[in-house]
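Here are a few exercises to work through with the model open beside you. Try each task before you read its solution.

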Amino acid sequence: MTLPPILAESFYRRPVLQVARDLLGKRLVRLADGQRISGVIVESEAYDGESDLACHARAGRTPRTAVMYGPGGRAYVYFTYGMHWLLNCVTGDEGYPAAVLLRAIYPLEGLEQISSRRAGRKTAEWCNGPAKVCQALALNGLFNGQSLCETQSGLWIEDGRPAADEAVSATARIGIGNVPEPWRSMPWRFLVDSPEKLFAKG
DNA sequence: AGCACGATTAACT
DNA sequence: GTTAATCGTGCTC
């Protein structure tokens, strides 16, 4: 059994909305201590440039947002609410700040590690939130700026079965209630409607 | 130097 | 449905 290819930089160097949509069905992989932890991406959100007032880059290039201005294919990992790490994929070409927030995965490998890091929670709540994904995969600020296109960083995304349009919904993004319109209502959140049906058993 | 707030989660009522 | 936890970031003074 051979592993599917790792998504190349060319996948990420496209408009962020396309990348966010196409990431559904791909497999997020973390290699920690020689062990694979992975799951299918089932929810994502696009954040598109300085004009998108929900995007961190609305404030321009700062130490925090610098990674988003780099070329697509790197991780943008940031800390929020004083306690949570969130993982994004930088998209587009160098100079244009955009990224996809990975909000949820359907766990497939490394379930023992995931359950230990998400101790006491129901299986369905292991990875159904952006901060939960980072907890489950042991991701933190050390991954900020790391390449997602090689195995060296221990974090990458593998090709997978594409999610059919009939199985995907688009809604407004979560947690941006104070952002003005039209940005607050842009349907830039993508989610697989029934991950357990589509992706159970690989 | 100080302050308000956040791309959230979990534990409440 | 409501709310506390908790601190880096960016903005104002």
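**Exercise 1: cysteines**

The sulfur of Cys-89 sits 9.3 Å from the closest cysteine sulfur, that of Cys-149, which is too far for a bond. This is a predicted model, where local features need pLDDT of at least 70, side-chain atom pairs count only at pLDDT 80 or more, and totals for chains, interfaces and linings use all residues. Residues are numbered from 1 along each chain as its sequence is written, chains are lettered from A and ligands numbered from 1 in the order in which they are written, and side-chain values use heavy atoms, with hydrogens and water left out.

Task: how many disulfides does the structure hold?

Solution. 
- Step 1: a disulfide is a pair of cysteine sulfur atoms within 2.5 Å.
- Step 2: Cys-134 is in no disulfide, and its nearest cysteine sulfur, in Cys-127, is 10 Å away.
- Step 3: the structure's count comes to 0.

Task: is Cys-89 buried or exposed?

Solution. 
- Step 1: buried means under 20% relative accessible area, exposed over 50%, partly exposed in between (1.4 Å probe, protein chains only).
- Step 2: Cys-89 has 1%, so it's buried.
- Step 3: Cys-134, at 2%, counts as buried too.

**Exercise 2: DNA strand B**

Solution. 
- Step 1: Tyr-78 puts a polar side-chain atom 3.2 Å from a base nitrogen of DNA strand B.
- Step 2: for Asn-178, the phosphate oxygen distance is 2.7 Å.

Terms used: A polar contact is a pair of N or O atoms within 3.5 Å; within protein, one must be able to donate a hydrogen and the other to accept it, and residues adjacent in sequence count only if both atoms are side-chain atoms.
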